[in-house]
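Please look over the following model before reading on. The notes below go through it topic by topic.

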Amino acid sequence: KDKFKTSFLLSEIIKDFNKNVDNADDDMTIFYLTKDKTEYEIIYDVKVLINTENIENIVNNIESELPQNRVPIQIIEKIVFALNELLLNSLEHSVLKMGKNKQRIVKNSIKIEYNNESKYVQVQILVSDKFVVLTVEDEGDGFEVNDIFKKEWFNRYHGRGLKMLKSLSDGI
């Protein structure tokens, strides 16, 4: 009960629960509802054309562009890794239209040409005293994150990098 009052993340509560409970009853359910009243400051905001050159520029320069007094270096390293994955997803799925055929394209080294699509991606990084939030929004059709985590889709198509992103963050 005390952990609910002091934790900001469900992962903290579950970790504490697992540490303190030997055998959980199969009827046990944990609900964690919170309203984020945190004030965020935008420390990075860019909108660029989605292409490999712009992706490389953003990923290679993000570390020097973030105020290190606001974001610890170990978090910046996670941002760089996550941002690279998210931007490549934007390129592959919004511009190149690689969907379920991605595995065949990669496996067979099929060359894909840009189809004269000019799509942009908006990248923002926000900070508060508790959190760093990374948002990436492109002009593609998008997808439902919960559908990606369904086992049969996830195992077959690797989850569009979401498994890796989930392990890097406290929430997607």
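S90 is buried, with a relative accessible area of 3%; buried means under 20%, exposed over 50% and partly exposed in between, for a 1.4 Å probe and protein chains only. The model is predicted: local features need pLDDT of at least 70, side-chain atom pairs count only at pLDDT 80 or more, and totals for chains, interfaces and linings use all residues. Residues are numbered from 1 along each chain as its sequence is written, and side-chain values use heavy atoms, with hydrogens and water left out.

**Surroundings of S90**
- S90 lies in helix α4; helices (H or I, at least four residues) and strands (E, at least two) are DSSP runs, numbered from the N terminus.
- Leaving aside neighbours within four places in sequence, S90 is in contact with I50, V95, V121, V136 and D138, where contact means heavy atoms within 4.5 Å.

**Helices α3 and α4**
- Helix α3 (residues 52-65) packs against helix α4 (residues 73-95) at an angle of about 175 degrees, and their axes are 9 Å apart.
- Axes are lines fitted to C-alpha atoms, for helices over the stretch in contact, and angles run from 0 to 180 degrees between N-to-C directions.
- α3 and α4 are therefore roughly antiparallel to each other, a term for angles over 145 degrees.
- On the α3 side, the contact is made by T52, I55, I58, V59, I62 and E63.
- On the α4 side, I73, I76, V80, L83, N84, L87, L88 and L91 take part.
- By class, this contact has eleven nonpolar, two polar and one charged residues; Ala, Val, Leu, Ile, Met, Phe, Trp, Tyr, Cys and Pro count as nonpolar, Asp, Glu, Lys and Arg as charged, and the others, Gly among them, as polar.

**The sheet**
- Three strands form an open sheet in the order β1-β2-β3, with antiparallel pairing; two strands pair if DSSP finds at least two bridges between them.
- β1 (41-49) and β3 (132-138) stand at the edges with a single partner strand each, so one side of each is left without a neighbour in the sheet.
- Eight bridges join β1 to strand β2 (residues 120-127), and the bridge partner of Y44 in β2 is I125.
- α3 packs on the sheet, touching β1 and β2, and its direction makes about 160 degrees with that of β1.
- α4 also packs on the sheet, touching β2 and β3, and its direction makes about 15 degrees with that of β3.

**The whole protein**
- The secondary structure comes to eight helices and three strands.
- Of the 172 residues, 27% count as buried.

Notes. Parallel < 35°, antiparallel > 145°, perpendicular 65-115°, else oblique.
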